[in-house]
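Welcome, and please take a moment to turn the model around before reading on. We will walk through it together, one part at a time.

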Amino acid sequence: MSPHTANGAQKITLEIMALLNILNYPDKRLHKVAKPVEQVNDRIRRLVADMAETMYAAPGVGLAATQVDVHERVIVIDVSDAHDQLLAFINPEIVWSSNEKKLSEEGCLSVPGIYDNVERAEKVRVRALNERGETFEMDCEGLLAVCIQHEMDHLMGRVFVEYLSPLKQTRIKSKMKKLAHAM
Ligand code: NI
């Protein structure tokens with residue numbers, strides 16, 4: 001997910017950052033289905049750290065491993081105003097979702113500059129592993145609920161624009177191709 005307006009605050013760190021390359025729609029690799037993480041080890045913790053740096057630098061509020069061409073079930077999210085509440089979800093599953101749906105505007109780091117309304121469950125409960133390999137459950141609502149559903153779609157190879165009308169999708173694809181050509 002990407003916020004509509006970039007927050008001016010920039011995270012400054014002296015650590016060596018590994019910014020990962022984010023795939024842009026309509027890259028076919030965004031449609032790969034991610035595999036479950038077999039073991040939460042240092043490689044996965046490094047992936048989480050690098051994904052977090054990449055998300056904060058973009059800036060964005062969520063990033064799925066699929067978007068950085070790693071096809072394993074890993075998501076990072078931070079919907080806090082201060083960008084200091086990083087959440088990592090490894091092998092996330094939605095164990096409950098509300099019948100109530102809500103329409104809200106979404107954006108995506110893989111589809112820069114495009115924002116549109118998508119209907120999602122208003123509340124979800126997610127079960128996942130944390131960076132220590134421990135299972136946790138979290139009740140999510142508001143932006144967090146939207147974000148987790150958006151990022152879990154990425155792990156299934158789905159980009160939010162696929163919920164939009166075929167006409168809008170065609171327009172977005174041509175806009176993205178022009179953008180790629182201009183870079
Ligand atoms: Ni996205």
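A residue counts as buried here if 20 or more other C-beta atoms lie within 10 Å of its own, and as exposed if 12 or fewer do, with partly exposed in between. Keep in mind, too, that this is a predicted model.

With that definition in hand, let us begin with helix H2, which covers residues 142-155. H2 is mostly covered, since 10 of its 14 residues are buried. Among them are Leu 144, Val 146, Cys 147, Ile 148 and Leu 155, and the buried set also includes His 150, Glu 151 and His 154. From its first C-alpha to its last, H2 reaches 21 Å, close to the 20 Å expected at 1.5 Å a residue. Just after H2 you will find Gly 157, which takes a positive phi of about 80 degrees.

Now look for the sheet. It is an open one, made of 5 strands in the order E1-E2-E3-E6-E7, with antiparallel pairing. Strand E1 (62-64) and strand E7 (135-141) stand at the edges with a single partner strand each, so one side of each has no neighbour in the sheet. On average, neighbouring strands of this sheet are turned by 40 degrees against each other, direction ignored.

E1 is joined by 3 bridges to strand E2, residues 74-77, and the two run antiparallel. Within this pair, Ala 64 stands opposite Ile 75 in E2. Helix H1, residues 42-57, packs on the sheet and touches E1, E2 and strand E3 (87-97). The direction of H1 makes about 40 degrees with that of E2.

Further along, 5 bridges join E3 to strand E6, residues 123-129, again in an antiparallel pair. Here Glu 93 has Arg 127 in E6 as its bridge partner. Arg 127 in turn is the bridge partner of Glu 137 in E7. E6 and E7 run antiparallel and are joined by 7 bridges. In their hairpin, which has 5 residues between the strands, Gly 133 takes a positive phi near 80 degrees.

Leaving out residues up to four places away in sequence, Arg 125 touches Val 95, Trp 96, Glu 137 and Asp 139. Arg 125 and Ser 98 are 27 residues apart in sequence, and their C-alpha atoms are 8.9 Å apart in space.

Let us return to H1. Its 16 residues should span 22 Å at 1.5 Å a residue, and its end C-alpha atoms are 22 Å apart, which agrees. The buried residues of H1 include Ile 44, Leu 47, Val 48, Met 51 and Tyr 56. These buried residues pack against E1, E2 and E3.

In soluble globular proteins, nonpolar side chains tend to be buried together. In this model, the largest nonpolar core has 44 residues, and Val 48, Met 51, Val 74, Val 76, Ile 77 and Ile 148 touch the most other members. H1, E1, E2, E3, E6 and H2 are the elements that give two or more residues to this core. Which residues is Ile 77 in contact with, leaving aside its neighbours within four places in sequence? They are Val 61, Gly 62, Leu 87, Leu 144, Cys 147, Ile 148 and Glu 151.

Definitions and conventions: Residues are numbered from 1 along each chain as its sequence is written. This is a predicted model: local features need pLDDT of at least 70, side-chain atom pairs count only at pLDDT 80 or more; totals for chains, interfaces and linings use all residues. Two strands pair if DSSP finds at least two bridges between them. Helices (H or I, at least four residues) and strands (E, at least two) are DSSP runs, numbered from the N terminus. Axes are lines fitted to C-alpha atoms, for helices over the stretch in contact, and angles run from 0 to 180 degrees between N-to-C directions. Two residues are in contact if their C-beta atoms, placed from the backbone, lie within 7 Å. The expected span of a helix is 1.5 Å times one less than its number of residues. A nonpolar core is a set of buried Ala, Val, Leu, Ile, Met, Phe, Trp, Tyr and Cys residues joined through C-beta atoms within 7 Å.
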